[in-house]
Every structure is written in structure tokens, then in C-alpha cells.
Amino acid sequence: MRLLRSTDLALRVLMRLAVAGDSTPTTREVAADMRVPYTHAAKVVAELQHLGLLEARRGRGGGLTLTDKGRAESVGAIVRSFEGEGDVVECEGETPCPLVSACRLRGALRRAQEAFYASLDPLTVADVVAAPTGPVLLGISRRPPDRPSDS
């Protein structure tokens, strides 16, 4: 199973904010830290805000902060929110699979998908930023800005 880019980024944004301490990085700063386009980060931040996992304040002194709910949220729940409830494979889409009425694979894939989510359920955002991850995240957020080349 492969996560959507937005799911991956949502987890990384939450992890980044979990180690932010008193700082309140902006969406633009987090996008730069994670080396993703600002527009993609902004969409993910908006969804995380909608889910109540972070707060975003505009203007001077604004920025992003992780909520208590965000720190304690299950990684499995976050992945489910971003990935949706769809099947791993599309059996009844535009071109339905001819095996759909008698297929045993679909059920097996559904169970495997649920086992994947279930293995993430006990982990919280706070858990996944424990050492050694947290110190690495802090190093990423403190790296000097990229300088344009002289050529």
C-alpha cells in the first residue's frame, strides 16, 4: 500500500509542529522545511486545521501550532482521514472487474488494509517524534535558508 502525497505531508507537518516548542512556523516555512510546494502544504494545513489537529493564525505573530488533539491523535486515524475509506483496488469502477461477484482477493486486500491501519492506531503524533526523530526534525527546521547561486 502506498500513501497519498497529502497523507505523507500531513504526517510530516504534524511531526514538525510537535517539536516546534514555542515557535510558530508559517505554512511557507514548513513547506520549505519539508521541501514541498507551498500550495500543496497550504491545502494539507487547511485540512489539518479542519480536523482540529492544528491551529493557523494569520498576520504578525501568526503561524501554525499543534493542538492537544493533534499531539494525541492516532496516526492510524490521521491516515484514514486523508486516505479515505476506499478499497485498495477499484473493483466496481468505470470498467468493473469481471471477477467482482466471486472474488476472494478483494476481501483479503480489505483485511490487509485494515491491518495496516490497525498497526498505526496505537501510535500518536507525540510517539513518532520521540528520539531519534525529534532531534532530526529540529535540525531540519533550523537549517539555514537556501542561498541562490552566484552563477
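**From the cysteines to the helices**

Tutor: Cys103 is partly exposed, with a relative accessible area of 30%. Buried means under 20% relative accessible area, exposed means over 50%, and partly exposed is in between (1.4 Å probe, protein chains only). The model is predicted, so local features need pLDDT of at least 70 and side-chain atom pairs count only at pLDDT 80 or more, while totals for chains, interfaces and linings use all residues. Residues are numbered from 1 along each chain as its sequence is written, and side-chain values use heavy atoms, with hydrogens and water left out.

The other cysteine to consider is Cys91, which is buried at 10% relative accessible area. A disulfide is a covalent bond between the sulfur atoms of two cysteines. Here the term is applied to a pair of cysteine sulfur atoms within 2.5 Å. The closest cysteine sulfur to that of Cys91 belongs to Cys103 and is 5.9 Å away, too far for a bond. Cys103 is therefore in no disulfide. The search of the whole structure finds zero disulfides.

Next comes a loop residue. Ser101 lies in the loop between helix 5 and helix 6 (105-120). Helices (H or I, at least four residues) and strands (E, at least two) are DSSP runs, numbered from the N terminus. Ser101 is exposed, with a relative accessible area of 74%. From Ser101 to Glu85 there are 16 residues in sequence and 21 Å in space, C-alpha to C-alpha.

A pair of aromatic rings is described by the distance of the centres and the angle of the planes. Rings of Phe, Tyr and Trp (its six-membered ring) pair if their centres lie within 6.5 Å; planes under 30 degrees apart count as stacked, over 60 as edge-to-face and the rest as tilted. One aromatic pair is found in the whole structure. Its members are Phe116 and Tyr117, which are tilted, at 5.8 Å centre to centre and 50 degrees between the planes. Phe116 is partly exposed at 27%, whereas Tyr117 is buried at 3%.

Now for helix 3. Its 13 residues (38-50) should span 18 Å at 1.5 Å a residue, and its end C-alpha atoms are 18 Å apart, which agrees. The expected span is 1.5 Å times one less than the number of residues. His40, Ala41, Val44, Val45 and Leu48 are buried in helix 3. Seen down the axis of helix 3, these buried residues fall within an arc of 130 degrees, so they line one face. The arc is that of the directions from the helix axis to the C-beta atoms. An α-helix has 3.6 residues a turn, so residues three or four places apart point the same way. On the other side of helix 3, Thr39, Lys43 and His50 are exposed.

What covers the buried residues of helix 3? The cover includes helix 1 (5-18), helix 2 (27-34), strand 1 (54-57), strand 2 (63-66) and helix 5 (75-83). Strand 1 contains Leu54, which is buried at 2% relative accessible area. Contact means heavy atoms within 4.5 Å. Leaving out residues up to four places away in sequence, Leu54 touches several residues, among them Val13, Leu17, Val45, Leu48 and Leu64. Helix 1 is mostly covered, with 11 of its 14 residues buried; those buried include Val13 and Leu17.

In helix 2, Thr27, Val30, Ala31, Asp33 and Met34 are buried. Down the axis of helix 2 they fall within an arc of 160 degrees, so they also line one face. Arg35 is found in the loop between helix 2 and helix 3 and is exposed at 64%. Arg35 has a positive phi of about 55 degrees although it is not a glycine. Most residues other than glycine have a negative phi, and most peptide bonds are trans. The peptide bond from Ala131 to Pro132 is cis, with omega near 10 degrees. Pro132 lies in the loop between helix 7 (125-128) and helix 8 (133-141).
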